[in-house]
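Subject: Structure for your files

Hello,

Here is the structure I said I would pass on. My notes on what was found in it follow below.

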Amino acid sequence: MSEIAEKLRRVVDAAPKGDKVVTIHLFGIQHAQRLNGVNLQDLAERAGIGKSFGTELRKGVRLAEFVEIRKGR
């Protein structure tokens with residue numbers, strides 16, 4: 001879990017101001033299969049973004065079956 005936590009930390013740290021939550025959602029979508037069965041509150045805490053952001057990760061994981069990521073901006 002430390003590898004995925006570090007990856008999450010990096011993408012959140014690199015997120016443009018105001019895009020932290022959407023970045024977490026996108027991370028959940030992109031890594032949904034890998035995150036299935038993982039305690040996302042613990043993952044968020046290990047990533048240093050706060051345990052409460054596990055809920056935002058869960059939203060992304062749940063959205064994964066309904067959305068397709070396309071390149072933005």
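The largest nonpolar core has 16 residues, and Leu8, Leu35, Leu43, Ile49 and Leu57 have the most contacts inside it. A nonpolar core here is a set of buried Ala, Val, Leu, Ile, Met, Phe, Trp, Tyr and Cys residues joined through side-chain atoms within 4.5 Å. At least two residues of this core come from each of H1, H2, H3, H4 and H5, and H1 supplies the largest share, 4 residues. Helices are DSSP runs (H or I, at least four residues), numbered from the N terminus.

This is a predicted model: local features need pLDDT of at least 70, side-chain atom pairs count only at pLDDT 80 or more, and totals for chains, interfaces and linings use all residues. Residues are numbered from 1 along each chain as its sequence is written, and side-chain values use heavy atoms, with hydrogens and water left out.

In helix H5 (residues 54-63), the buried residues are Gly54, Glu56, Leu57, Gly60 and Val61; buried means under 20% relative accessible area (1.4 Å probe, protein chains only). They lie on the same side of H5 because they cover an arc of only 160 degrees around the axis, taken from the directions from the helix axis to the C-beta atoms. Their cover includes helix H1 (2-14), helix H2 (20-30), helix H3 (32-35) and helix H4 (40-46).

Leaving aside residues up to four places away in sequence, Leu57 touches Leu8, Ile24, Phe27, Gly28, Leu40, Leu43 and Ala44 (contact means heavy atoms within 4.5 Å).

Thr23 lies in helix H2 and is buried, at a relative accessible area of 16%. With the sequence neighbours up to four places away not counted, Thr23 touches Val11, Val12 and Ala15.

Regards

Conventions. Buried means under 20% relative accessible area, exposed over 50%, partly exposed in between (1.4 Å probe, protein chains only).
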